[in-house]
Amino acid sequence: MAVGSTVRDRGAPGPGAARHLVHCPPSWDHCLLEAPSRGEERFRLIGEVPGADDGPGHFHDPLLVVEAVRETAEFVGRQYFGGPPDRPGWFRRFGLDVTEVAAWRAGRGPARLTAELRAAPTATVDGVPRGLDLRLEVSLDDVPCATGTASLAFDPPGPPRERAGRWAVRAAPGAADAPADPGSVGLASAADVVLSEPAWDSRGRLGSWVLPRQLSAPLLLEAVRQASVLVAGRAGGLVPGRTLPASCDVRVRGLAEADPPVHCTAVAGPVGRDTAGRPAVPVTLTLTQHRRTVAEARTTVVQDF
């Protein structure tokens, strides 16, 4: 799933961004063989995430970490496990838990990213894995700050329009074309907003259309982030510019078609406190297409000053 060209490619590395990948095998036995690995392999990814001057604002952008992991896992799947070279990798499931909110506060300069990645092949058929199971530990400036798990799948054969990672949509008839207010989703520019101005339904759910642009997996996660921040602000009173999804679990339930619009519904739970006493709001999100669920997510948004 290539990163979409809209929303300033926030899911992609910036110009000149460098990443280094180090293979840290648990045993030297396999290093003497040319055959693909059939067990767990370990890697260390080193790079940078932008500071406040180039990033989204008060926090470093978790999407950069997510997409760096996806690109790395796709490369690792082919290079070390014999994954199919002609099929892109996409996340069936991705979960990230922030363990140190302070480490995500963006300073004026970039932060050094270190990600410890464990990968193991799944559903190997005729020596070719259908995907990878991943475990992740993230540090920013040498401070451990997040853990994660993911299930990466290699795209099945078929026309590109049927692939689960393609989120090209057009606005629905009668759907609001105007983007949501940037401040309501914690952003400064309307160019980065991926949701339409939301509306409340009779059940107290916030609904918004994904805007008419081609959305890749990183931008799907951005829609989840923006909807979480938006509903936590409007239903729970959290300040959007000072909120961060401290946990996120996204699961893709079905294939998204190329043309019909995608609708995002968000429901906020009661305001509580995290272990550090910060205001926290749980959010449940559903993305549908023709009333068919294509993705579900659960997040917890925290406010940090």
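1. A search of the whole structure finds zero disulfides, a disulfide being a pair of cysteine sulfur atoms within 2.5 Å. Cys145 is buried, at a relative accessible area of 0%, and Cys264 likewise counts as buried, at 2% relative accessibility; here buried means under 20% relative accessible area, exposed over 50%, and partly exposed in between, with a 1.4 Å probe and protein chains only.

2. A word on how to read these notes: the model is predicted, so that local features need pLDDT of at least 70 and side-chain atom pairs count only at pLDDT 80 or more, while totals for chains, interfaces and linings use all residues. Residues are numbered from 1 along each chain as its sequence is written, and side-chain values use heavy atoms, with hydrogens and water left out.

3. Gly207 belongs to strand E9 (residues 206-209), where helices (H or I, at least four residues) and strands (E, at least two) are DSSP runs numbered from the N terminus.

4. Not counting residues up to four places away in sequence, Ser151 is in contact with Trp90, Phe91, Arg92, Arg93, Leu132 and Asp133.

5. Side chains of opposite charge can pair when their charged atoms come close. The structure holds 17 salt bridges, each a side-chain nitrogen of Lys or Arg within 4 Å of a carboxyl oxygen of Asp or Glu. One of them joins Arg70 and Glu67, at 2.8 Å from N to O; both residues lie in helix H1, three residues apart, about one turn of the helix, and both are buried.

6. Another salt bridge pairs Asp304 with Arg105, the closest N and O atoms being 2.8 Å apart. This pair links distant parts of the chain, 199 residues apart, with Asp304 in the segment after strand E15 (292-303) and Arg105 in the loop between E3 and strand E4 (111-122). Asp304 is buried, at a relative accessible area of 3%, whereas Arg105 is partly exposed, at 37%.

7. Arg253 and Glu296 also form a salt bridge, with their closest N and O atoms 2.8 Å apart. Here, too, distant parts of the chain are linked: Arg253 is in the loop between E11 and strand E12 (263-268), and Glu296 is in strand E15, 43 residues apart. Glu296 counts as partly exposed, at 30% relative accessibility.

8. How many cavities of 30 Å³ or more does the structure hold? There are two, a cavity being a set of points, on a 1 Å grid over the protein atoms alone, where a 1.4 Å probe fits but cannot get out. The largest cavity has about 180 Å³ of space, and of the 13 residues that line it, the closest to its centre are Pro62, Val66, Leu96, Pro245 and Cys248; lining residues have an atom within 4 Å of a point. At least two residues of this lining come from each of helix H1 (62-81), strand E3 (89-98), helix H2 (217-236) and strand E11 (243-252).

Key: On a 1 Å grid over the protein atoms alone, a cavity is a set of points where a 1.4 Å probe fits but cannot get out, and a pocket is an open set with protein on both sides within 12 Å along at least five of seven lines; lining residues have an atom within 4 Å of a point. Grid points are joined across faces, edges and corners, and a volume is the space filled by probe spheres set on the points. Contact means heavy atoms within 4.5 Å.
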